Amino acid sequence: MPDTAANTAPDTAPGSAPDSARPRPATARRGAGLSGEAVVPGDKSVSHRALILGALAVGETRVTGLLDGEDVLATAEAMRAFGAEVTREADGTWSIHGVGVGGLGEPEDVIDCGNSGTGVRLIMGAMATTPISATFTGDASLRRRPMGRILDPLRMFGAKHAGRQGGLLPLTLTGAADPVPVEYTLPMASAQVKSAVLLAGLNAPGETVVIEPVATRDHTERILRGFGAHVTVEDLPEGRAIRLAGLPELAPCQIAVPRDPSSAAFPAAAALIAEGSEITVPTVSLNPTRAGFYETVAEMGADIERLNAREEGGEPVADLRVRHTRLKGVEVPPERAASMIDEYPILAVLAAFAEGDTVMRGIGELRVKESDRIAAVAAGLRANGVEVTEEADGLIVHGRGADVPGGGTVATHLDHRIAMSFLCLGLGTAAPVTIDDARPIETSFPDFIQLMSALGATISMEDR
Ligand code: S3P
């Protein structure tokens, strides 16, 4: 099955209420420097995993700091549909009473994962070795994204699926009745595929092995261990081999979700862009498999200090102090791509304000994210007077230093990171920058505009 995205479906709105069905343009303009503290939401990757593993443990898992964004709420709803008891308490703590490995029940209705590739792919992995059927769908963006990349290994466990051509949602997955363990070498650097295979391996007897030629985010390995599964990691010449012993009894646990380094990148970048800025971003996860953006901006000369480095919730964290800096263009090593895969749009925006070219290669995976991010970023920068060179799996931004014209309107294609990146662009351009739709920001960073405004950013939403 080809693992490609189809780009034919029109962008339609998430939700069905008349208000949420209408795009909400927003405009950012240059103003005074930013100051204060930017408390960003919990990590999206860890939040999905906490809910899914909590649902597979026996007993009560308690989670603090969970991201209350649409993507994660869709995963919470899905876990309820599979039989777990999932509740959010008044103080924001989440409680999950799980059903145990192999205990997922058949959902009565279609599972709608909204905008979330992580949600749908991990949940499909988690159910692929339990003999139940479930039908999955999502919004117009998710229905364009390739699912063949997980269906291929899930079939090796004995799962079956029926759905649209090309492995696109909606599709129905039927879990294996007699699953066999699998050894799978990832054909692309994808933590979602790795995680789907490991989660499927939980309910298969024997040892499931994933070999990843390039290291990707390791939250699944960490959290599986936290729930008591036996997971080992070995560096082999062909890559990292992750071995999971099947049929563990997962013990419930307490999880403190660290703050999301991908979300932190937006206020940090805004402070680098807006003259006179100095902000702090507390308790940001700097897990090495996620920290590539911070390495890259340091090479561009960014004034970012890591204060109070410590460990929280099993992840290395630090408080970031960020000051406005004139950046220089750099060549980003392609082997760093996996550790900053979600940060290329905001890096490209920073690169527009740098002196010289910033070269980003080995980033073909960006074409199958919430949007084709290479194309969306290239179009957005050009619309604002920045020259770019687009390649099949790369992007070169020809930086303009402090003189970025702006004045354009950017198509966000239901992509939260495109929306936030271009609002950050507008905080430093000569003329304001408008995005066609701010609603997708709800998926990962619901308070983004309020938080940025509290730091002093000038962002206005069109009234409904
Ligand atoms: C994620 C993995 C990445 C990333 C996504 C979250 C995860 O996707 O882009 O936002 O939580 O595993 P891929 O694994 O497809 O690269």
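The structure is a predicted model.

**Strand β15 and its partners**

Strand β15 covers residues 278-285 and is mostly covered, with 6 of its 8 residues buried. Two other strands are described here as its partners. With strand β2, residues 35-37, β15 pairs in the parallel sense, and 3 bridges hold this pairing. One of the residue pairs here is Ser35 with Glu278, the latter being the bridge partner in β15. With strand β17, residues 315-323, β15 runs antiparallel, and 6 bridges join the two. Ile279 has Val322 of β17 opposite to it.

The two pairings are set out below.

| Partner of β15 | Residues of partner | Sense | Bridges |
|---|---|---|---|
| β2 | residues 35-37 | parallel | 3 bridges |
| β17 | residues 315-323 | antiparallel | 6 bridges |

**The second largest pocket**

The second largest pocket has a volume of about 480 Å³. It is lined by 35 residues, and those closest to its centre are Ala189, Ala191, Arg217, Ile341 and Lys369. Which helices each supply at least two residues of this lining? They include α1 (44-56), α3 (117-127) and α5 (191-201). Helix α1 gives the largest share of the lining, 4 residues. By type, the lining of the second largest pocket divides into 15 charged, 11 polar and 9 nonpolar residues.

The peptide bond that runs from Leu169 to Pro170 is cis, and its omega is near 0°. Pro170 sits in a loop, with β8 (160-163) on one side and β9 (171-174) on the other.

Asn308 has a phi near 50°, which is a positive value in a residue other than glycine. Asn308 belongs to strand β16, residues 303-312. Is Asn308 buried or exposed? Asn308 counts as exposed because its relative accessibility is 53%, and the cut-off for exposed is over 50%.

His413 also has a positive phi, near 50°, and is likewise a residue other than glycine. The place of His413 is the loop between β22 (409-410) and α11 (416-426). His413 has 35% relative accessibility, so this residue counts as partly exposed. That class lies in between the limits of under 20% for buried and over 50% for exposed.

Definitions and conventions:
Residues numbered from 1 in each chain as written. Predicted model: local features only at pLDDT ≥ 70, side-chain atom pairs only at ≥ 80, totals over all residues. Heavy atoms only, no water. Buried < 20%, exposed > 50% of the residue type's maximum accessible area, 1.4 Å probe, protein only. Pairing = 2+ DSSP bridges. 1 Å grid on protein atoms, 1.4 Å probe; cavity = no way out; pocket = protein on both sides within 12 Å on 5 of 7 lines; lining within 4 Å. Points joined across faces, edges and corners; volume = space filled by probe spheres on them. Nonpolar A, V, L, I, M, F, W, Y, C, P; charged D, E, K, R; others polar.
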